[in-house]
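Hi everyone, thanks for coming. Let's take a few minutes to walk through one structure together.

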Amino acid sequence: MPKSKRDKKISLTSTRKKGLELKRNLVDQIRECVDQYARIFTFSVENMRNSKLKEVRNVWKHSRFFFGKNKVMSVALGRGAEDEYRENLHRVSQRLRGQTGMFFTNKTKEEVVEWFSQYQLKDFARSGNTAIHTVVLFEGPLPQFSHSMEPQLRQLGLPTKLERGEINLISDHTVCTAGDVLTPEQARILKLLDTPMVNFHITLDSVWSNDGTFELLERKDNPSPEKEGVEEEDEDEND
């Protein structure tokens, strides 16, 4: 009787080595960027969309973004004053929590802050987002949809029927009310209606400069920005 393929043992040694190598490469890349660029900004993304972040990367081709793998990025910078790669980089490391990234650039702080403060893109809401306004569909024809979409619209909860090859709403229907936490069905209907409800936005959190200064720019738990220099290095940095 042939041996089952399910019993085959696979060595993970090569996989682990490859993963370790990738982490080391990322550490090296980040440290090269520290040496190459004048400033590091930490940032968070509101209503994350990979396509939108890619657009930002394309605009800032002269700079470098790192997003994800916070633990590895922290190792590259240094987790404490005793092992930091450059002075005060452990402060940047402490900002890498949750959905936070790093942005390396030679542009001035003023240029970066101004650009990102103005950059917002409308996008469609997803399940779990909050409706920012009420959307109501009134009884009557829905000419924006082809007749073949009627079963899909009905499945999403719209009271529709086909009349002479045209989709009709048989009664008024509230898609969502301002303040609602959107369901998957509501989010899908809003997208079909071409009704964006969220903004893709990058919030700058802090900036480190290659002279060793570190500054908090904007965060919800501390709305008043503070600036910290090299001379304040031995302060307690636990958040």
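Which residue just after H7 takes a positive phi? That is Asp 194, with a phi of about 55°. Before we go on, a word on the model: it is predicted, local features need pLDDT of at least 70, side-chain atom pairs count only at pLDDT 80 or more, and totals for chains, interfaces and linings use all residues. Residues are numbered from 1 along each chain as its sequence is written, and side-chain values use heavy atoms, leaving out hydrogens and water.

Helices (H or I, at least four residues) and strands (E, at least two) are DSSP runs, numbered from the N terminus. Buried means under 20% relative accessible area, with exposed over 50% and partly exposed in between (1.4 Å probe, protein chains only).

Back to H7, residues 184–192: Gln 186, Ala 187, Ile 189 and Leu 190 are its buried residues. They lie on the same side of H7, because they cover an arc of only 160° around the axis; that arc is taken from the directions from the helix axis to the C-beta atoms. Strand E5 (135–137) and strand E9 (173–176) are among what covers them, where contact means heavy atoms within 4.5 Å.

Now look at helix H3, residues 70–77. Here 6 of the 8 residues are buried, so H3 is largely enclosed by the rest of the structure. Met 73 and Leu 77 are among those buried residues. After H3 comes Gly 78, with a positive phi near 110°.

Last, the sheet: 3 strands form an open, antiparallel one in the order E6-E8-E7. Two strands pair if DSSP finds at least two bridges between them, and E7 and E8 are joined by 4.
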